[in-house]
Amino acid sequence: MPWQSKREWKPLEEHSCTDIPWLIIFTLFCIGMACICGYPIATGGAARLVFGYDSYGNTCGKNNTKIEGVPLSGRDMTENKFVFFLDPCNLDLINRKIKSIALCVSKCPSTELMTYFDLKQFALNNGSNLCTYDLTPTRYTSSSEKSTKCPKLPVPPSKSVLLFRRCIPTDISCYTQFAKAFMTFVSDNTVLQRVISGVMASKEIIIGLCILALGITPACSMRFAFMISAAPLPTFIKALNSNTTSVFGKEVASDNVKALLFYAIGATIFTVVLLLVMFFMRKRVALTISLFHVAGKVFIHLPLLVLQPFWTFLCLILFWIYWIGVLLFLGTTGTPVKNNSTGVVGYEMPGPLQFLVWYHVVGLIWISEFILAFQQMTIAGAVVTYYFTRNKSQIPATPIISSMARTIRYHLGTLAKGSFIITLVKIPRLILTYIHSQLKGKENACARCMVKACVCCLWCLEKCLAYLNQNAYTATAINSTSFCTSAREAFLILVENALRVAAINTVGDFVLFLGKILIVSCTAFAGVLALNYQRDYTVWVLPLLIVCVFAFLVAHCFLSVFENVVDVLFLCFAVDTKYNDGSPGREYYMDKLNKSFSIKQVNKLTTAVGLGFACQMM
């Protein structure tokens with residue numbers, strides 16, 4: 001048969017290094033990322049970001065070189081280690097910067113300076129000149145240019161920020177013009193006012209419910225049932241019937257009643273649809289539930305699998321922080337360029353060096369995908385070791401750590417190749433998405449439609465490749481073969497079990513979605529009970545939405561690990577049933593793993609699933 005694999009699967013018989021050339025390429029790429037970080041450090045861009053620089057190109061705390069065409073450059077700022085802005089309240093929100101002349105000073109003013117005489121005394125007493133360098137302190141009160149070369153009066157008290165030596169005003173009233181505009185908008189919108197007041201009054205409850213979402217268990221359902229039977233009459237109903245409640249309180253209570261009414265209607269519709277779907281899918285659920293039962297046993301024996309999202313999230317956060325830091329370094333790297341209209345000096349990278357930014361962006365996607373692939377390979381290796389070990393007492397004491405060590409020793413090249421394939425698809429999709437956003441409001445609707453179609457096609461291709469990559473990692477963990485060989489063999493196995501794959505993906509995703517809904521519902525119900533007993537009248541809609549979104553994200557992170565385990569088990573199960581028949585010498589690996597169903601039962605269920613899909617296609 002053309003789909004027949006040319007080699008037999010030999011689980012865990014030998015381990016060898018895979019895709020070494022790709023490991024070398026990935027290592028060289030990471031070295032390039034390190035060189036990009038070293039370039040701004042070597043050229044002074046990192047120092048300008050950390051220590052700060054003035055509007056004339058002088059780095060604070062350093063002895064600077066002269067910039068041609070800038071008279072106030074090239075000064076010795078060894079003693080002047082802080083950046084001071086003449087008008088720190090002049091913010092440019094669009095460009096995310098302060099529109100003000102910046103100077104290097106030796107000390108930030110700790111008290112408010114009301115007059116130019118105060119500026120003069122502060123400079124003479126502390127040696128910190130708060131006006132431009134060409135204006136001596138003795139001329140602060142008499143110079144005709146003091147209004148443009150000295151700070152705007154009154155000068156608010158300020159202090160330097162930790163690590164970044166900028167004099168930031170300690171009194172936030174400096175930014176009242178933006179707060180005032182926002183508060184005016186809020187005061188004119190009574191609904192928004194009630195929603196924001198509800199969030200502010202319920203911030204402790206929101207934090208508590210988010211923590212609850214991290215540790216919620218099925219036992220919460222029993223507690224919730226007890227709390228329902230013991231709960232007194234809701235306070236919002238009492239508020240509607242009370243004559244002493246203010247008009248604002250009655251409006252808030254009325255909003256809560258409407259919100260709960262919408263929740264109840266939505267929950268009723270969802271329940272009816274859920275019951276109908278479960279009725280029509282009752283035969284297909286059996287196979288998936290049996291496989292989920294096996295996955296549950298794996299989690300019992302490998303409890304550290306639950307912690308995988310934490311380690312992956314921590315690695316991603318650390319890498320993203322590093323990436324953002326280097327990007328900021330690159331923003332202050334390059335040759336000094338003077339703005340002839342304002343006289344301010346900025347730094348721009350030469351044309352060829354601007355490609356470093358694009359290299360850095362590619363590194364963000366590739367290394368992020370590599371970290372996610374490492375998690376998939378670690379989970380696959382641990383589950384494969386558990387499945388294909390007949391004597392469970394011979395399993396390593398820490399299968400997760402052993403899988404990580406095996407991945408680092410043998411299979412980093414495979415992860416580099418698989419993650420690079422996803423990067424090749426994701427980059428053009430992101431570029432086309434940006435182009436589509438720029439075409440909004442344009443007259444060429446045909447071009448927008450074509451770009452959107454390309455984005456959708458690339459998204460589908462990315463999802464298919466991600467699923468194939470995951471199974472390729474599992475095949476690599478079983479046979480220790482290269483990425484292409486593993487992907488081909490995994491694809492052949494999946495094609496041979498197409499009906500089972502369809503059943504697992506459709507019913508399995510639906511069951512996992514129910515798990516996410518259960519966690520969100522339990523968290524939301526706890527939020528209703530907590531907000532119900534709150535003394536302050538608050539609108540529940542936004543606090544509950546915040547908590548529900550957080551609970552859904554947490555549930556998605558942890559259930560995605562469960563879904564990964566199910567996919568690995570299915571591929572192991574398919575390999576097991578293909579090369580073993582239960583006869584002496586060819587016993588099934590899954591016999592001791594799950595005795596709740598036999599191969600005949602699984603085949604019967606699969607036949608029923610196939611008939612069901614055939615009926616749907618007719």
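## The C108–C167 disulfide

Is the disulfide of C108 and C167 left-handed or right-handed? In this predicted model, the torsion about its S-S bond is about -75°, so the disulfide is left-handed. The loop between β4 and α3 (116–126) holds C108, while C167 belongs to strand β6 (residues 167–169), so the bond ties together parts 59 residues apart in sequence.

The S to S distance of C108 and C167 is 1.9 Å. C108 is buried at a relative accessible area of 10%, and C167 is buried at 3%.

## The C60–C104 disulfide

C60 and C104 are joined with an S to S distance of 2.0 Å. Their S-S torsion is about -85°, so this disulfide is left-handed. C60 lies in the loop between α2 (45–51) and β1 (82–85) and C104 in strand β4 (residues 102–105); the pair therefore connects parts 44 residues apart in sequence.

C60 is buried, with 0% relative accessibility, and C104 is buried as well, with 2%.

## The C131–C150 disulfide

A disulfide also joins C131 to C150, at an S to S distance of 2.0 Å. The torsion here is about 110°, so the disulfide is right-handed. C131 sits in the loop between α3 and α4 (146–149) and C150 in the loop between α4 and β5 (158–160), 19 residues apart.

C131 is buried at 0% relative accessible area, and C150 is buried at 3%.

C30 is partly exposed at 28% relative accessible area, and C484 is partly exposed at 44%.

Methods:
Residues are numbered from 1 along each chain as its sequence is written. This is a predicted model: local features need pLDDT of at least 70, side-chain atom pairs count only at pLDDT 80 or more; totals for chains, interfaces and linings use all residues. Side-chain values use heavy atoms; hydrogens and water are left out. A disulfide is a pair of cysteine sulfur atoms within 2.5 Å. Helices (H or I, at least four residues) and strands (E, at least two) are DSSP runs, numbered from the N terminus. Buried means under 20% relative accessible area, exposed over 50%, partly exposed in between (1.4 Å probe, protein chains only).
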